[in-house]
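Open the model in your viewer and keep the selection tool at hand. This tour tells you what to pick next and what you will find there.

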Amino acid sequence: MTDAGRETSPLPHLAVIGAGPAGLTAALTAARHGVRVTLVDAAPEAGGQFYRQPARELGARRPEALHHQWRTWERLREGLRRQEQAGWLRHLTDHHVWLVERRPDGFTVHALLGPEQEQPVEVRADAVLLATGGYEKVLPFPGWTLPGVVTAGGAQAMLKGTLAVSGRTAVVAGTGPLLLPVATGLAAAGVRVAALVESADPRGFVRRSRALSAQPAKLAEAAEYAARLLRHRVRTLVHHTVVEAHGTDRLEAVTVAALDGAGRVRSGTERRIACDTLAVGHGMVPHTDLAQGLGCRIDGVAVHVDDEQRTDVPGVWAAGEATGVGGATLSLTEGHIAGRSAAARLTGAVPDPRDWAGAARARAALRRFFAALDDVYAPPVHWAEQVSDDTVVCRCEEVTGGAIREAVAGLGAGDLRTVKLLTRAGMGWCQGRMCESGVAGVAGCPDTPARRLLARPVPLGVLARAGDTDAPQGT
Ligand SMILES: Cc1cc2nc3c(=O)[nH]c(=O)nc-3n(C[C@H](O)[C@H](O)[C@H](O)COP(=O)(O)OP(=O)(O)OC[C@H]3O[C@@H](n4cnc5c(N)ncnc54)[C@H](O)[C@@H]3O)c2cc1C
């Protein structure tokens, strides 16, 4: 086992997990204020989801073409280079963190390295900052397991990371602001986007217009996307949903339909659209596994933090989408506050909120904006009615909608845990990360996130050695 954090410096040491907008900003801010930082990320490059870069060997000539806020990224990248050179910051790439352990003298970050992710690495630190972002929610519908159906973020990640597209004719569907960059990004890359199918009710935007208009920059961004959709002649169907994906060996078409005021499919409005790719997403869910493993309080689906971005576990900060979904700018802002607070507290200074007053005001405004947006972009209320009994809902364990309904109606299951025990839904490789909301919706149970104490599958040999304090250490 290697101990990547073993150093003799007397300076305080902060481990930041996640090198997306939040973690990168937090790491640079803390390093600039007198703290040694180890930045740990599973990806081969810094940037997270928003600033995901094409693999170097692809030799992309204009990577900025796929990005917003490229200048901010250049500033962060340059800051990272400088802090690494100055010896304040170490960036550990390809390190998959599976547990953060609390010890009497600080924390141990346990990660896996290598192509098979079987080589254990430990990082010792005085404090930890969790900036692990979020992942996409996808709700099931008949045909969603066909090859050619991908998540909207997955299509975007593939485009940004490999410069490849998954087909020639795409439908982008579901709900949420992420659909806009996905549809325009695919269209700009030469894919014919046959339709953008958004289930949100436009009346929701009118209802929340006051909160939404408080962020003119975001409105300008939305207008820019609308112009691009027009330019690429993408047909936009608002208050519509995909009811079924069709195909034998792979996707050939989708059926979409309008929704009524109650969020049900309006019968007679179904239409079929030929496509070989369906990029679908229903919003984002914060990554909370590492925080849960540390015993941090979770509010709803997000890590609870105070005004300084501290969790309720001493020595643990959290920032970005792990603390609530709100886009890259909010993540940058929270990362800045978390970095300032952690640096002040670790160097023994008295934290002064006036040092980050501007960021705190921006954070409050952005949180209000995204709360309003979240309200507008909720999936259709009655989406689960479209899930037929033979639709696979839990893909890892191949549990169908019918089996889940039988567990509820026939066997009396009244909560997610009992449904899981009776059907095995959520017991597979993803441990319910992908299907939890789908299973809850079909079962009619509250969507309460399961406690997962390990953030990723870990080889048994690594687990056995992690508890062994005499295990050989040092590189
Ligand atoms: C697939 C996807 C595509 C998106 N596309 C867009 C887009 O096109 N436009 C847009 O405006 N917004 C997009 N978003 C939303 C946007 O990326 C986020 O708002 C923003 O990136 C959040 O920043 P963050 O720093 O909180 O998290 P992220 O950017 O998600 O960064 C989190 C980092 O943590 C790392 N990490 C997580 N868990 C571990 C672990 N256990 N061990 C080690 N490292 C870990 C990840 O590798 C990642 O680098 C997308 C989100 C996703 C999930």
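This is a predicted model: local features need pLDDT of at least 70, side-chain atom pairs count only at pLDDT 80 or more; totals for chains, interfaces and linings use all residues.

**Stop 1: the ligand**

Which residues come nearest? Of the 28 residues around the ligand, they are A22, D41, V97, Q156 and E321. Color this shell by residue type.

Now look at single atoms. Pick V97 again: a polar atom of its backbone is 2.9 Å from a nitrogen atom of the ligand. Go on to Q49. Here too a polar backbone atom takes part, and it is 2.9 Å from an oxygen atom of the ligand. Then pick S331. This time the side chain is involved: one of its N or O atoms is 3.2 Å from an oxygen atom of the ligand.

How much of the ligand does the protein bury? Taken alone, the ligand exposes 980 Å², and the protein buries 88% of that. Next, show the elements that give two or more residues to the shell: α1 (21-32), β5 (96-103), α3 (152-162) and α9 (327-346).

**Stop 2: charged pairs**

Leave the ligand and turn to the charged side chains. Side chains of opposite charge can pair when their charged atoms come close. How many salt bridges does a search of the whole structure find? The count is 21. Visit three of them.

Select E122 and R124. They form a salt bridge, and their closest N and O atoms are 3.3 Å apart. Is E122 buried or exposed? E122 has a relative accessible area of 3%, so it is buried. R124 is at 26%, which means that it counts as partly exposed.

Now select E385 and R264. Their side chains meet in a salt bridge, with 2.9 Å from N to O. This pair links distant parts of the chain, 121 residues apart. E385 is in the loop between α10 (357-376) and β22 (392-394), and R264 is in the loop between β15 (253-258) and β16 (271-274). Check both for cover. E385 is partly exposed at 46% relative accessible area. R264 is also partly exposed, at 34%.

D289 is buried, with a relative accessible area of 6%. R452 counts as buried too, at 7%. Salt bridges that share partners join D289, R433, E436 and R452 into one network.

**Stop 3: a nonpolar patch**

Switch to a surface view. Select L453, L454, L460 and L463. Together they make a nonpolar surface patch of about 360 Å². Where is L453? Look in the loop between α13 (436-443) and α14 (460-466). At 46% relative accessibility, L453 counts as partly exposed.

**Stop 4: helix α10**

With 46% relative accessible area, A371 is partly exposed.

**Stop 5: two backbone angles**

Finish with the backbone. Most residues other than glycine have a negative phi. The next two stand out with a positive value.

Select H239. Its phi is near 60°, a positive value in a residue other than glycine. H239 sits in the loop between β13 (236-238) and β14 (240-246). H239 is buried, with a relative accessible area of 13%.

Then select Q309. Its phi is near 70°, again positive in a residue other than glycine. You will find Q309 in the loop between β20 (302-303) and β21 (316-318). Is Q309 buried or exposed? Its relative accessible area is 0%, so Q309 is buried.

Notes
Residues are numbered from 1 along each chain as its sequence is written. Side-chain values use heavy atoms; hydrogens and water are left out. Patches are made of residues with over 30% relative accessible area and no salt bridge: like charges are joined within 9 Å, nonpolar side chains (Val, Leu, Ile, Met, Phe, Trp, Tyr) within 5 Å. Accessible areas come from the Shrake-Rupley method with a 1.4 Å probe; for residues, only the protein chains shown count as cover. A salt bridge is a side-chain nitrogen of Lys or Arg within 4 Å of a carboxyl oxygen of Asp or Glu. Helices (H or I, at least four residues) and strands (E, at least two) are DSSP runs, numbered from the N terminus. Buried means under 20% relative accessible area, exposed over 50%, partly exposed in between (1.4 Å probe, protein chains only). A residue is near a molecule or strand if one of its heavy atoms lies within 4 Å of it. A polar contact is a pair of N or O atoms within 3.5 Å; within protein, one must be able to donate a hydrogen and the other to accept it, and residues adjacent in sequence count only if both atoms are side-chain atoms.
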